[in-house]
Amino acid sequence: MAAVPEPGGHDVSRAGARGYAAEWARAVRRLGFVPMSAGETERLLHLHTVRLARALLAEPFSTRPAADVGRALVEAHLTEPGVLDWSVRALGDCFVAQVLPDRAPTAGTADRVAATQGALAAGFARALRDRTFAQQERIARSAWQARDEVEQALRDSEARFRAVFTGAAMGIGIAGVDGRIIDVNQAFADMLGYSIDELRQINVASLFHPDDAAGMWELYQELIEGKHDSARVEKRYYRKDGSVVWTDLAVSLIRYDDGRPRFTVAMVEDITERYELQQRLRFQALHDPLTGLPNRTLFFETLALVLDTTDAERRVGLCFLDLDGFKAVNDSLGHDLGDQLLMAIARRLADCVAGRGHLVARMGGDEFVILVDDAEEIDDVVAVAEAALAAVAAPVRIGDHQLAVSASVGIVECPVGATSASELMKAADTTLYWAKAEGRSRWAVWDPERSARDIARSALVAGLPAALDRGEFVLHYQPIVSLLEGSMVAVEALVRWQHPELGLVGPDRFIGLAEETGLIVQLGEWVLRRACRDAEAWRSAFPEAQLVVSVNLAARQAEDPAIVDTVADALACSGLPAGLLQLELTESAVMGTAGEPLRSLHRLAGLGVRLAIDDFGTGYSNLAYLRRLPIHCLKLAGPFVEGIRGDGPEAVAGHRDERIVDALVRLAHALELWVTAEAVETEVQAERLRALRCDTGQGRWFGPPAPAAEITARLRGEGT
């Protein structure tokens, strides 16, 4: 064990001293606040450990080093009472054994240790007492101290306060409870541009900024009434020259001994530069860097404030604006020019709309939103939208380019209490989509019923693929009857959706969606294969009926190069003869068909499949073109048949429709085509069609669409 040689033949253990100092440092830090790092504390206490050890070994023996160590502890701010207690006890318990291992315990050693403990405690106490006197923190508690020392300490304290008051860089002011300024320092006077004498003639209330006078005066009143002991706020004052200074103000109440308010002391710091920096940073955080308009964050903060603080019956409006074709400008002329265009549009919107007191914000990209928080009716919001559209529509000159852009606007207006920020924005976004879908350069107004329909439509679109996988589609068949004989010669397969929640859904609600999504090809193939299987079952059970099944073929199916193979495979898998299958195509899908689709029609006809044109007469057909198509049947559009009525107010129109049907039937027969009339609802219609030599009819008069089982029953003779 390394040791330090000492007089008298005894050594101080270096390792023991370090260990003792480390333990001492841990105890000190555990007992209270230490204004030093752990390493600094341990190094300081190691020095004191060595001083105490050498004092114990010194000849002649003196307690002065121990007293110095006690004072040094106080000077190092290690003044927690527990620190002294631990230091004294540890000096007696383990110091000699740990730090002076070569010193044999003797009565003399014990006496020296006891004297050292006393000197350490006395030095600590004297130093603590001296510091207490100097700081005036415990004068009242030192009843034993002489009166003259107390008075001297008070005089010293007053002198120190006056020195601080006079020389402080921070403004300090003292005022009575009536608000009259008693005294201020030079820093306070300089801050506001007054002289000290001028301020001594002013009431503190006259310094309050008019924008916050009411709140500040209320706060000051509560302070001088004794409701609070202190207050701290950031507030502004006018300087003598009229400029504004922002301050961090801390006010404390000084009371009499009986608790009554006596006067107030204000500490005022000039924070104008810091406040202006904060405002610049806030502006940057809440405004779009390109256009300078409020951004999404500020818009939603403002909208939330309007919704939270405005009467629930008042109305609020939004105009959600999006530039039409802005991407084309960016792609063709570059993003730099696009940014300049956005800045020009933003300035116009700010000039024409923000000037009316409405908030205009850039939501991102080429989207802007206008908040109309004082709308009385929808026309007020529409007027704002029209003004915005007019501002955007004017040509914009940027460099050598003159650009003409337009915009679409979605408008939402409703009572404040009936909505939320997210609901408003969702509705505005949906309405903007409507405006763009209706042709752009226009506005559209929120319609809850239309939105509900769109939501229902979207739900159907989302559910279509899974519905096909789960087998939720079913076929109903509508009879096609010979007008001459009255017998059922064919059926048309009509798909229905057996929705698990909505029940049986008609094709008018989902066929268009299937065509938009492309699912019509897969759905149409399922209908074809199922219809072929049902038709083959009827042929097998009722061979004499020779019932034809007619299946609708969508335009996208007809354009599919694999359609011929699909039909051939459906016939092969079901066993149905090709002559008992009729494929119906709309007039618009057939007329003008060329290339691969026309070849597909000829190949289908080559299979022996019958082809029919559905809803014939509603389009603008080139009648001569019919001669080029392998068509077997024309199905007359329902409106012509509906016009064939008995005598009455509509007789003239009915006769006109009857002549059209007559001409179409004659044309079809001249082309050796079969004719089916759709939408036959009455006996009168059926009789007149029969008189016009129409071949077959289809409609409610002959039977509504029904499940396959009902067709089977009818073939058995159980139905009509």
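This is a predicted model: local features need pLDDT of at least 70, side-chain atom pairs count only at pLDDT 80 or more; totals for chains, interfaces and linings use all residues.
User: How is a pair of packed helices described, and what is the case for H2 and H3?

Analyst: Two packed helices are described by the angle between their axes and the distance between the axes. Helices here are DSSP runs of H or I with at least four residues, strands are runs of E with at least two, and both are numbered from the N terminus. Axes are lines fitted to C-alpha atoms, for helices over the stretch in contact, and angles run from 0 to 180 degrees between N-to-C directions. For helix H2 (residues 38–57) and helix H3 (residues 64–75), the axes come within 9 Å and cross at roughly 165°, which makes H2 roughly antiparallel to H3; under 35 degrees counts as roughly parallel, over 145 as roughly antiparallel, 65 to 115 as roughly perpendicular, and the rest as oblique.

User: What is the handedness of the crossing of H2 and H3, and which residues meet there?

Analyst: The crossing of H2 and H3 is left-handed, a term used if the near helix is turned anticlockwise from the far one by less than a right angle, with right-handed used if clockwise. Contact means heavy atoms within 4.5 Å, and on the H2 side Leu 45, His 48, Arg 51, Leu 52 and Ala 55 meet Pro 65, Ala 66, Asp 68, Val 69, Ala 72 and Leu 73 of H3. The residues of this contact divide into 8 nonpolar, 1 polar and 2 charged, where Ala, Val, Leu, Ile, Met, Phe, Trp, Tyr, Cys and Pro count as nonpolar, Asp, Glu, Lys and Arg as charged, and the others, Gly among them, as polar.

User: How do H14 and H15 cross?

Analyst: The axes of helix H14 (residues 335–352) and helix H15 (residues 378–393) come within 9 Å and cross at roughly 145°, and H14 passes H15 in a right-handed crossing. Ile 345, Arg 348, Leu 349 and Cys 352 of H14 make the contact with Ala 387, Ala 388, Ala 391 and Val 392 of H15, a set with 7 nonpolar residues, no polar ones and 1 charged.

User: How many salt bridges does the structure hold, and where do Lys 240 and Glu 198 lie?

Analyst: A salt bridge is a side-chain nitrogen of Lys or Arg within 4 Å of a carboxyl oxygen of Asp or Glu, and the structure holds 30 salt bridges. In one of them, the side chains of Lys 240 and Glu 198 meet at 2.9 Å, N to O. Lys 240 lies in the loop between strand S5 (230–238) and strand S6 (244–255) and Glu 198 in helix H9 (residues 196–199), so the pair ties together parts that are 42 residues apart in sequence.

User: Is Asp 248, the partner of Arg 232, buried or exposed?

Analyst: Buried means under 20% relative accessible area, exposed over 50%, and partly exposed in between, with a 1.4 Å probe and protein chains only. At 10% relative accessibility Asp 248 counts as buried, whereas Arg 232 is exposed at 61%; the closest N and O atoms of their salt bridge are 2.6 Å apart.

User: Which residues form a network with Lys 635?

Analyst: Lys 635 and Glu 678 meet in a salt bridge at 3.7 Å, N to O, and both Lys 635 and Glu 678 are buried. Salt bridges that share partners join Glu 492, Glu 584, Lys 635 and Glu 678 into one network.

User: What should I look for in the backbone at Pro 60 and His 77?

Analyst: Glu 59 and Pro 60 are joined by a cis peptide bond with omega about -5°, and Pro 60 is found in the loop between H2 and H3. His 77 has a positive phi near 65° in a residue other than glycine; His 77 lies in the loop between H3 and helix H4 (81–93) and is partly exposed at 44% relative accessibility.

Terms used. Residues are numbered from 1 along each chain as its sequence is written. Side-chain values use heavy atoms; hydrogens and water are left out.
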